[in-house]
Amino acid sequence: MSPRLPLGSEREALKIVIVGHVDHGKSTLIGRLLYETGSLPPGKVEELKAASARRRMAIEWSFVLDAFQAERDQAVTIDTTQIWFKTAARDYVIIDAPGHREFLKNMVSGAAAADAAVLVVDAAEGVREQTRRHGYLLHLLGVRQVAVAVSKMDLVDYDEARFAEVSREISHYLGEIGVVPTFIVPISGRDGDNVAVNKAAAGQDTGQDTGKNDLSMAWYDGPSLLKALERFQSVTRSIDQPLRFPVQDVYKFDQRRIIAGRIESGILRAGDRLLFSPSNRTARVKAIEVWNGDAECLEARAGQSVAITLDEQIFVERGEMASHEELPPMLSTVFRATLFWLAQEPLEVDRTYKLKLGTREARVRVQSIERVIDTDTLAGNPADRVERNGVGEVVLRCREILALDEYRDLARTGRFALVDDYDTVAGGVISMEGYPDQRHAFGVKSENLTSVEHRVTAPHRTERNGHCGGVLWFTGLSGSGKSTLAMAVEQRLFNKGYHVYVLDGDNVRGGLNANLGFSPEDRAENIRRVGEVAGLFADSGVICISAFISPYRADRQRARAATKGGFHEVFIKAGLEACERRDPKGLYRKARAGEIADFTGISAPYEPPSQAELVVDTESADIEDSVRQVVDYVERNFARHCNPGKA
Amino acid sequence: MLHLDELEAQSVYILREAYSQIDPLAMLWSLGKDSNVMVWLAKKAFCGHVPFPVVHVDTGKKFKEMYEFRERFATEWNLQLITGDCPPVEEVDATLPPAARSAARKTLGLKALLNEHGFKGVIAGIRRDEQATRAKERVFSPRDESGTWDFRDQPPEFWDQYKTDFPPGAHIRIHPLLHWTEIDIWRYIERENIPVVPLYFAQDGKRYRSLGDQDITSPIDSQAATLQEIIEELATTTTSERAGRAMDHEREDAFERLRASGYM
């Protein structure tokens, strides 16, 4: 057997995207780079010559990458592609991105995967529309290292002054968006000048006589483009950042509940206590599961796809974000974003889209368009729409609470895509500028609180009261009969000797929640507080009935979590038609007339419970019947020997 | 992170996205080195399980070593194996060059199998470095009702947000190995000790670098009889992997046409 060679099996592969205006010579540059570095297979040059001759062209280096017939025939790159080559120093993946504005979505697909970029500018044409747009998008996509190639120097007679002029122009633009190019290299893709070697600057670089005047750019003493690539730094994921582990899926294999996902930042260790947001549940990592591994895995780092088990069977699903308790993500229903828009139909205020934020999906509404950025002048202009291939700053609002990060802090969990119908229409990055950090408003984060154990325990209270405490959480449309039923049930149970209390809008809105209005986030907060208070009542041994529409499953889920066992969701079921017919407070009429915005059932959704403990159909049962159903339920479930942890 | 670990983590992520978002799902198992790596990665992703069927579209013209391999590892790996036949070559588009026409049988076989089982997504082990039109693929690549690949209008794909929403009738190809290269595959096979069909190892100065139908696949000249030797050979060669696959070389657009109509 031959000796084991250091083949670089663990060598890094740096991904470099080549971008720039259409026809500025990107594909040609790549073809030439591959040729100069001896990366083309034998016979490839002959094949290219033949394919070029069939189209009556001189050898067309771009055909190395432009594989589609349509691309070759029209001499334009349509889709992004990738090609591999290596130097003594490292392996490269070169990503070719189309320059035509029609194919911006393909450019984005290529550029988003890159560690570094080469921005190609035609020496004769100078900086053009797509040069700037691509430069701007690189910045937005998070590609931090950029070199500039001033191409087709042969067309301007290798003129140093022209090179200086184009260099100034592009440096100025990039400087405005905070990008400093690593190098600006004058090249000729046609002849290979300064592509792999700077022949003029270093005769020693190449021993071969190319037979042409190699002193055409003698004035340039910088590195060749290849040398510029070698000086890019490889991009490594930081493990010093806070842990972010988005739940990708939950599996039940071999009697174990396994949580799968990729660690986006930080380190996860066996034994760590994880906080899942936004559900606000915690549990410890019991084990990091490895199939076919040699040893027990105690630690996993950013970039790894892992599967873990927890020490407690808490309810976790795809879309939750796990972190450490002390460095959680932000929770918000609203955020500011800079986004690029790829769809034919413009983005408009009030339209809703599907947000994909890591593994989380949720509907978002465009609350406002702050400004649209002209990538030519970098001016921000007020606008009521963001057109295709445009860049805009917008405010997006969600009905559910999202766990998110600011892009500038944690890029991988601070960026998102938007989907309209079946298509990805935008990508964007999150900024929370102007929005309060709510990390301290939700959840148990007050550091100086230590919980003191009660000496009176739940069994003591149950013994004294003759029944256990709990929450009857009524949910249903306005007019379904929640309040009527709640009051009647309260009276019936009171008469039977139960300790019972109703929370409704009247006794909560005036005091505890006096500072809350009716905006979606205030409504969510209203329900959150009611959930917390109901939980305390239950804990004190009382049967607490809450009578709020509480239209969102996520809000009710959170209320359930706030009660330590003994939470009973009661769906007061009546169709919209019936409720609207009843309309006891005249609200439906007003909502239909447009006087009330975001009215559940009319202009805002109601998510019926999928697993309510009790369903009371107030359309088929009369009030007496309905009351009896609830009271019977209580007598069955709140008896002295009840198990409050069961529900 | 080490290069192979990074490739593995990305593939596992893709497989889990597919399993989470697309149902019913199947994996194409061509019995070649790449699809064995893919099955292996599925076991990594799903804690030793392959929680969807693996599909072998059988042209009936594979090497006997491949059939033996299939029978052995379908059992050993506990796979839910589905096999499907391909129609005779006479039923294939006669305007294709002969080898491409023969290869296109597999496309028809695959379509029939997808229809029969109603799969919404199939996982396929193609890689960008194999062939120039594959280099332009997406990780989640939609096909319309007739199975056609509209390569002129592919969905944007960035930040690992893949296309997972489709109109009824469409289906999706998922490509978890798209970012791997041939040498990556061999290094991973060596590291993980993944079984492969013995035809890849040189005998009498010849070995197969890519496996297809017997009549349109040729071996290359090679002395590489071990994994280590294959890796060394690939580190220096500039010959393309699919040089021995006749259908790639008949006409400039032959492979593009094959792929546009649904070939892997």
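How many salt bridges does the rule count over all chains? The count comes to 66, a salt bridge being a side-chain nitrogen of Lys or Arg within 4 Å of a carboxyl oxygen of Asp or Glu.

The views show a predicted model, in which local features need pLDDT of at least 70 and side-chain atom pairs count only at pLDDT 80 or more, while totals for chains, interfaces and linings use all residues. Residues are numbered from 1 along each chain as its sequence is written, chains are lettered from A and ligands numbered from 1 in the order in which they are written, and side-chain values use heavy atoms, with hydrogens and water left out.

**View 1. The interface of chain A and chain B.** Here 81 residues of chain A are in contact with 65 residues of chain B, contact meaning heavy atoms within 4.5 Å. About 5,900 Å² is buried between the two chains, and carbon and sulfur atoms give 54% of this area; buried area is the accessible area (1.4 Å probe) that two parts lose on being put together, summed over both. Six salt bridges are found across this interface, and A:Lys354 forms a salt bridge with B:Asp165, with the closest N and O atoms 2.6 Å apart. The rule also finds 22 residue pairs in polar contact across the interface, both residues at pLDDT 80 or more; a polar contact is a pair of N or O atoms within 3.5 Å, where within protein one must be able to donate a hydrogen and the other to accept it, and residues adjacent in sequence count only if both atoms are side-chain atoms. On the side of chain A that touches chain B, strand S24 (residues 423–431) of chain A gives the largest share, six residues.

**View 2. An open sheet of six strands in chain A.** The strand order is S2-S3-S1-S4-S5-S6, with mixed pairing; helices (H or I, at least four residues) and strands (E, at least two) are DSSP runs numbered from the N terminus, and two strands pair if DSSP finds at least two bridges between them. Strand S2 (81–86) and strand S6 (184–186) of chain A stand at the edges with a single partner strand each, so one side of each is left without a neighbour in the sheet. From one strand to the next the twist averages 25°, with axes taken as lines fitted to C-alpha atoms, for helices over the stretch in contact, and angles running from 0 to 180 degrees between N-to-C directions. S2(A) pairs with strand S3 (residues 91–96) of chain A in the antiparallel sense over six bridges, and A:Lys86 stands opposite A:Asp91 in S3(A).

**View 3. An open sheet of six strands in chain B, with helices lying across its strands.** The order is S3-S2-S1-S4-S6-S5 with mixed pairing, and the edge strands, S3 (81–85) and S5 (140–143) of chain B, each pair on one side only. Strand S4 (residues 121–123) and strand S6 (residues 171–174) of chain B run parallel and are joined by three bridges, with B:Ile172 in S6(B) as the bridge partner of B:Gly121. Helix H3 (residues 64–76) of chain B lies across strand S2 (54–58) and S3 of chain B, at about 160° to S2(B), whereas helix H5 (residues 105–117) of chain B lies across S1, S2, S3, S4 and S6 of chain B, at about 125° to S3(B).

**View 4. A cis peptide bond in chain A.** The bond joins A:Ser277 and A:Pro278, with omega about 5°, and A:Pro278 has its place in the loop between strand S11 (273–277) and strand S12 (281–289) of chain A.
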